[in-house]
Amino acid sequence: MINRINQSFIQRLRYALCALCIGTLIVVANTMYANTKVGIIGHPDHGSGTLAVALLAITQEAGERGTSVDDMDNAKEEQERGITIYNNYISVEHKNRDFALIDVPGDADFTKNAATGMAQMDAAILVVSATDGPMSQTINQLRLAKTIGIKHIIVFLNKADLVEDTELIELVEQEVRELLSQHGFPDNTPVIRGSALLASNGDTSVVGVPSVNKLLAAMHKNFPLPKRDTQSDFMLQVNHVFTDKRVVVGQVERGTVKKGDKVEIVGLSGTDKHFVTVDNIQINEKDVNTAQAGDRIGLLINDDGINHIERGQMLAEPDTVTAHTKFKARIELYTKEEGGRNTPIFTGHRHHLFFTTTDITGEITLPDDLEFLSPGEEHAGITVELLQPTVITKGNSFSIMAGIVMKDEEDEEDKDKDKDKDKIKHTIPSVIGIGTITEILE
Ligand SMILES: Nc1nc2c(ncn2[C@@H]2O[C@H](COP(=O)(O)OP(=O)(O)OP(=O)(O)O)[C@@H](O)[C@H]2O)c(=O)[nH]1
Ligand SMILES: [Mg+2]
């Protein structure tokens, strides 16, 4: 009986994971669990997927190689559009260390997915194409990384095989370094030039395999082993819910959980408390009795309480965590040149706020002595009221998002038709500011 339950759980979890391309490429070289979570972030097409493939190829035995970006981006909509939409999880083992790579989607339309992937990372590799330099999503993703408190970052200046002019690549590196220092990352952040594509094909020229080996060496040196809090009360960040399969996938933030534990669902809902019981736990498709901080797990929830769970909530030891709706914050707005907006914000403005755990709309109230907050300014006394409660604490940071509107190029033939001139082409969700919670009010 137990076996049957387990088997059907394994099957359900497997289907669930496949459905969202998670865990498709987990390389279980042995039973060691990958323990430093490294997000590979950057602007679309700059090569984050190819770099993940290169890291995998270089750390695998010759006979195991052959994974391609298409194998990772294997959901129907990803294949149709030729882009990454869902986070891909790939474990690599190198010199007695495990790195759990999270290949984060770069496309601005999938910022929510990107934020979910990034919320799990301990450190980041920022991929910047040497042919283009930093672009809108390079900046956005760097800002999201900063919001969740990422301190350890390495830049991979990709597609170096396409840039012959060394002065040009110097300029791009300089631009990247300016961006890093603007966002408070250290001057000695490693910037490695290379070609993920050549490396993934086994090319031995300086921008091929040696460049990715250099990256691996920098990962060992610059990404410390993360400290996990296994002693505090259990809390798990919900990343995906497969209601029909009764499976919740997420990362244990702190503490431990065991089969049979009753846990509370916290955040996003009203004041009613909801509890569910954990029927089974899996790590890397294997049943386990307990899981602890840092583990990415699947939980089987065999009761109707599953209907109350959604992405962005927490599952926690009952009565240990409270969700909040109102807080005071220090807010800084980016200027238009920095990719922010060009108009100020006023009391009553509503913005999309990305916390580590989730994204929620928040209404801004400026202090009485402040009529508006202009781009380029910051203020510590701003009150924010969230439309839904979430788990936050003093000191947490959040990104303030807004759609930056791009207009169509003026069409020569339609030059005189006023209404076509301002045709809206696309709205790109952009990080227009950053905030830090200074006091929880409600
Ligand atoms: N010449 C060259 N092409 C590369 C390199 N790295 C990636 N590419 C190509 O660039 C394109 C985009 O690469 P991906 O790895 O899919 O880019 P991505 O950053 O994952 O893109 P999204 O999934 O849309 O975020 C593909 O055609 C790759 O083959 C490189 O180092 N050199
Ligand atoms: Mg990709």
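Colleague: Which residues does Arg-330 touch, not counting residues up to four places away in sequence?

Modeller: Arg-330 touches Glu-378, His-379, Ala-380, Gly-435, Thr-436 and Thr-438; contact requires C-beta atoms, placed from the backbone, within 7 Å. This is a predicted model, where local features need pLDDT of at least 70 and side-chain atom pairs count only at pLDDT 80 or more, while totals for chains, interfaces and linings use all residues. Residues are numbered from 1 along each chain as its sequence is written, and chains are lettered from A and ligands numbered from 1 in the order in which they are written.

Colleague: Why does Arg-330 count as partly exposed?

Modeller: Arg-330 has 15 C-beta neighbours inside 10 Å. Buried takes 20 or more other C-beta atoms within 10 Å, exposed 12 or fewer, and partly exposed is in between, so Arg-330 counts as partly exposed.

Colleague: Nice! And what makes helix 2 roughly perpendicular to helix 9?

Modeller: The axes of helix 2 (residues 48-59) and helix 9 (residues 209-222) come within 10 Å and cross at roughly 90°. Angles of 65 to 115 degrees count as roughly perpendicular (under 35 is roughly parallel, over 145 roughly antiparallel, the rest oblique), so helix 2 is roughly perpendicular to helix 9. Ala-54, Leu-55 and Ile-58 of helix 2 meet Val-209, Val-212 and Asn-213 of helix 9.

Colleague: How do you know that strand 12 pairs with strand 15?

Modeller: Pairing needs at least two DSSP bridges, and three bridges join strand 12 (residues 280-283) to strand 15 (residues 296-300), running antiparallel. Asn-280 has Leu-300 as its bridge partner in strand 15.

Key
Axes fitted to C-alpha atoms, helices over the stretch in contact; angles between N-to-C directions. Helix = DSSP H or I, 4+ residues; strand = E, 2+ residues; numbered from the N terminus. Contact = placed C-beta atoms within 7 Å.
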